[in-house]
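Let's walk through this model together, starting with a helix and then turning to some backbone angles. Have the sequence and the 3D view side by side as you read.

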Amino acid sequence: MGGLFVAIGDSFTEGVGDWEPRHPNGVRGWADRVAKQLSKADPSSRYANLAIRSRRLAGVVEEQIEPALAMRPDLISFYAGGNDLLEVRQDIGLVLENYTRAVERLVSSGAQVLLFTGFDVPLHPVLERFKRRNWAFNDNVRQLARRYPDSVTLVDYWTWDVYHDRRMWDIDKLHMNRAGHRYMAIQILNILGVRHQLEFEPFGPRERLGPVQSVSRDVEWLRQWVLPMFGRRMRGITLGDGLHPKWPEPFLPADGMKKTYRKRRSRP
């Protein structure tokens, strides 16, 4: 598979959780890994990634879709809406309507569109109501995949039981870690029918926690990650403020991503 792969969206696609200081914004992620394998299958393959962490659906639509389509991609991945689902006050019907219009615009471009369901992340009971929104979101994504079978490729993240293992997740429990991103890349390449060299490294034994340790970790997680997240939202601040897209222009991953980034940083 040659051509141009463009990835758009939020932290999921930017690569948050797969920390790598030698990549732009300090992250690697599944999209970079997919692009690298596409380039090994065809060195002429190009790649761009406009995703920025914390972007809500409206931001992705307004800032990323048209610039991405202007590049004339052959394959475009679209994952957005997860941050909207975590809003305290949110009209889920409006989110789904806007998501549907965005997918229709992507499909109309003639590119192959990669869509994702959202995983049923194990949440603390205080966040349980947000899961019901995720279920409605996933139903909508699947309906769109059925509506456009020739244009949409579905990555049904929801159904992958391996992600029930907390060793696939970063410390915030909301973003995949390096193992999670690597597994995601493998599955996407398999779905696309692309031969690749990635292998999933088996985990070691699970860490066993007693009741007191489990409660202590939950309390620390709420204090360190959940409360600050909602605090930022109330103040209108996001972790993506001041960040730029990782790979704003198409380039050849076959030339080396780290090398490309070093060259970009050295420009005056």
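The expected span of a helix is 1.5 Å times one less than its number of residues; helices (H or I, at least four residues) and strands (E, at least two) are DSSP runs, numbered from the N terminus. This is a predicted model, in which local features need pLDDT of at least 70, side-chain atom pairs count only at pLDDT 80 or more, and totals for chains, interfaces and linings use all residues. Residues are numbered from 1 along each chain as its sequence is written, and side-chain values use heavy atoms, with hydrogens and water left out.

Let's begin with α3. With its 14 residues, α3 covers 19 Å from first C-alpha to last, close to the 20 Å expected at 1.5 Å a residue. Look next at Gln-64, where α3 bends by about 40 degrees (the angle between axes fitted to the seven residues ending there and the seven starting there). A proline, Pro-67, follows within four residues.

Gln-64 is also one of the buried residues of α3, among them Leu-57, Val-60, Ile-65 and Leu-69; buried means under 20% relative accessible area, exposed over 50%, and partly exposed in between (1.4 Å probe, protein chains only). The cover over these buried residues includes β1 (4-9), β3 (75-79), α4 (82-85) and α5 (92-108). After α3 comes Arg-72, with a positive phi near 60 degrees.

Now for two loops. Ser-54 counts as buried, at 18% relative accessibility. Asn-25, in the loop between α1 (11-14) and α2 (30-41), likewise has a positive phi, about 60 degrees, without being a glycine. Asn-25 is partly exposed, with a relative accessible area of 23%.

Methods: Contact means heavy atoms within 4.5 Å.
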